[in-house]
There are 4 protein chains.
Amino acid sequence: MSAHQQTVDEKTPSSRVQRKRGRRIQEILTVAAELFGERGYDAVSLDDVAERLDVTKGSLYYYFPSKDELCTAAIETLGNDWTARLEQLPADGTVTERLRALIHEHVTIAVNDYPAALRLFLVPREWPEPQRARIKELRLRHDNLFRGLVEEGVASGEFKVTSVDTVLQCLHASMTQAPLWCGELGVRARKRAVDELADTLMSLVGR
Amino acid sequence: MSAHQQTVDEKTPSSRVQRKRGRRIQEILTVAAELFGERGYDAVSLDDVAERLDVTKGSLYYYFPSKDELCTAAIETLGNDWTARLEQLPADGTVTERLRALIHEHVTIAVNDYPAALRLFLVPREWPEPQRARIKELRLRHDNLFRGLVEEGVASGEFKVTSVDTVLQCLHASMTQAPLWCGELGVRARKRAVDELADTLMSLVGR
Amino acid sequence: MSAHQQTVDEKTPSSRVQRKRGRRIQEILTVAAELFGERGYDAVSLDDVAERLDVTKGSLYYYFPSKDELCTAAIETLGNDWTARLEQLPADGTVTERLRALIHEHVTIAVNDYPAALRLFLVPREWPEPQRARIKELRLRHDNLFRGLVEEGVASGEFKVTSVDTVLQCLHASMTQAPLWCGELGVRARKRAVDELADTLMSLVGR
Amino acid sequence: MSAHQQTVDEKTPSSRVQRKRGRRIQEILTVAAELFGERGYDAVSLDDVAERLDVTKGSLYYYFPSKDELCTAAIETLGNDWTARLEQLPADGTVTERLRALIHEHVTIAVNDYPAALRLFLVPREWPEPQRARIKELRLRHDNLFRGLVEEGVASGEFKVTSVDTVLQCLHASMTQAPLWCGELGVRARKRAVDELADTLMSLVGR
DNA sequence: AATGAATGAGGCTTCATTCAT
DNA sequence: CATGAATGAAGCCTCATTCAT
């Protein structure tokens, strides 16, 4: 039986083989993240993933024990990538500026790269426990980026909110659903829509 | 050929039989709306629907010509019910009061009755044309409730928005996703969450 | 249980009711013969038959115990009708003239009225015994029309054949398949095709 | 995605694997041709085909994307085989001799090897376009064998016909239906029947 | 006599999963 | 490592048949 080890991080990249394996896994996850992000869990078959990778379906099972596992790992990859891009935003400027930039970037990524990311978090309803935990943790890490800024703004008096939690939920919901209505727009109109969305969402913190 | 007639509205409930048929269809639609609302299109099989109704899959085809059609009709039922309840809200008070009430009621319905309605709007990327039209129209009718109020408020100077469209999208997204995070709360906490959500969302129109 | 009696002929048309029943049965058989003759056994559902009669599927079972039985009876009706029309041809003229007229009429009926009759004799391969017998007998009766003329012509020296049986088989095969290639033609071309077919087939008897 | 490639011809039997695949496909097609030839399209289920091959239904989909495609490919295999055998007949002798030999061989094949090929040409009223084209082409190639000879005979004055097309249709119809009435005969009687059939059909060209 | 409703078997198709090589 | 092949469960849909009314 093929050993299904660390799917995302590699603790002991001792040998050359290990490193190669890691690289291969990343390739797979990148492609899988793309596909799942585009179409959602149900609409992507392992054949789709395999074909885009130009390998056979069977090979995927050498690296991942099941579709669920592959998908979860892909979500992690996707989430890490996403979060990483958000973390690279410049840390200077007022809280208002920084939050707006964060929102803007988040929506841009959602609309351009992962239009169906929303689906991944809704279907199928119940992940098996270990995977649910991993997804939850991911979401938390991501949330904290926003939470940090909002709290900072509230503390400094720059923002005014009824409830930080509620604001975060609304932010998240609106940003994640954006691809659903921005997706059909042309390039120009889409850019403006994202701008307006960012402006509108800033009003949630009183800006 | 089994008559797949008016699935939602009944133009000619002439005979007793017709009425009975109508009632049966409503039963089915209610159950279907529940299931699809809970799990989304792909994750619900016709067997699931049939089983919950305690009939066989085949019977469903006596009333609906396909899964797509059943699901669309279920969505229509759900949407009509939902919209009807919103339309019954009192029409007096300031725009602010009325919008807040509308939001509050919408979220209450979402959280209590259709906790996963969101899924219904995400699922099969592309409905066949006739069904897409029906869903779009439904959504439009529902949207107009909110749009009317927002525009009224903007016209009267009571509201301030960057873009009416964008505000509506954010409202919708936030309200629809609410069950995802309110659902787990206890009765009391949930009530407060809904209140806070309504307050928070009012800030989208500058209130 | 409803009594499934004489499907085609009525032995005891004692009461008014009996006669009405007989008429209804004929209606059904006429329609069924049309449909089966057009599309073949498999491609016709009882719903199709019922719909064209403007009754429900269930009603058919009041008159016929199964699709097989209905289809066989329909074939009989079709065959009787067909044979009757051939028997009405004028009995004067030379054998050659009469055979040619017979062929011509047969093909005309095949092409215009029962384009898929061929299918009925091939699919599904094995009728249950009683029905097979009935169909065989029908075919026999029909065959004898041609056999009689051919033998007469041979006896009178007007025709020359290697084997009467073989000639009959070829005649039948060619006439029955005609709709397959004549069917697509326009009215005018079709008429000429039928004429040429009759001429060509006459050469099978040396004419 | 399982590769549904060249189903009949194999352009690049590069590796051993490819050849094995080709062999498997041929196995399937042979079996399918038998079954479809025996019972016709509708009366054969994929389960039937799979069972006769001692595999599961699903496996067939590894090689063919649909029942239609499988059936068309089977017809092609059958047709190619058939035509190839006819093309191997010696090309010397008078046109009369050659046409008679062709007819004789065709009927022999029909009776012995493809007793119910006829059904394949009757069944689903309408093939999807691409498949219809393939079948038409096959039929054309086969037809040309006969047409060539008939035209040659007509040109040389050896044959006399009303219409080449019509003669070809009659030839075809008679030869294809032959198994239906020759099939039941014993070996000896059958041989004579085939001889008589060939003689009789020659009279269609005035011989 | 006739209907509306329901059933259940069977058909086609997809797809996650397994496995020998 | 990777592949090609095969499997089996599950899904959608059709339709002959039954039955209470």
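Colleague: Which side-chain atom lies 3.5 Å from a base nitrogen of DNA strand F?

Modeller: It is a polar side-chain atom of B:Lys57. The model is predicted, with local features needing pLDDT of at least 70 and side-chain atom pairs pLDDT 80 or more, while totals for chains, interfaces and linings use all residues. Residues are numbered from 1 along each chain as written, chains are lettered from A and ligands numbered from 1 in written order, and side-chain values use heavy atoms without hydrogens or water.

Colleague: And which residues reach a phosphate oxygen of DNA strand F?

Modeller: A backbone N or O atom of A:Thr56 lies 3.1 Å from one, and a polar side-chain atom of A:Tyr63 lies 2.5 Å from one.

Colleague: Which residues come nearest to DNA strand F?

Modeller: Of the 31 residues around DNA strand F (a heavy atom within 4 Å), those nearest are A:Ser59, A:Tyr63, B:Tyr61, D:Tyr62 and D:Tyr63. Sugar and phosphate make up 73% of the atoms of DNA strand F within 4 Å of the protein.

Colleague: Turning to DNA strand E, what share of its atoms within 4 Å of the protein belongs to sugar or phosphate?

Modeller: The share is 72%, and the rest belong to bases.

Colleague: Which residues have N or O atoms beside its phosphate oxygens?

Modeller: For DNA strand E, a backbone N or O atom of A:Lys67 lies 2.8 Å from a phosphate oxygen, and one of B:Thr56 lies 2.9 Å from a phosphate oxygen. In B:Tyr63, a side-chain N or O atom is 2.7 Å from a phosphate oxygen of DNA strand E.

Conventions. Polar contact = N/O pair within 3.5 Å; in protein donor to acceptor, adjacent residues only side chain to side chain.
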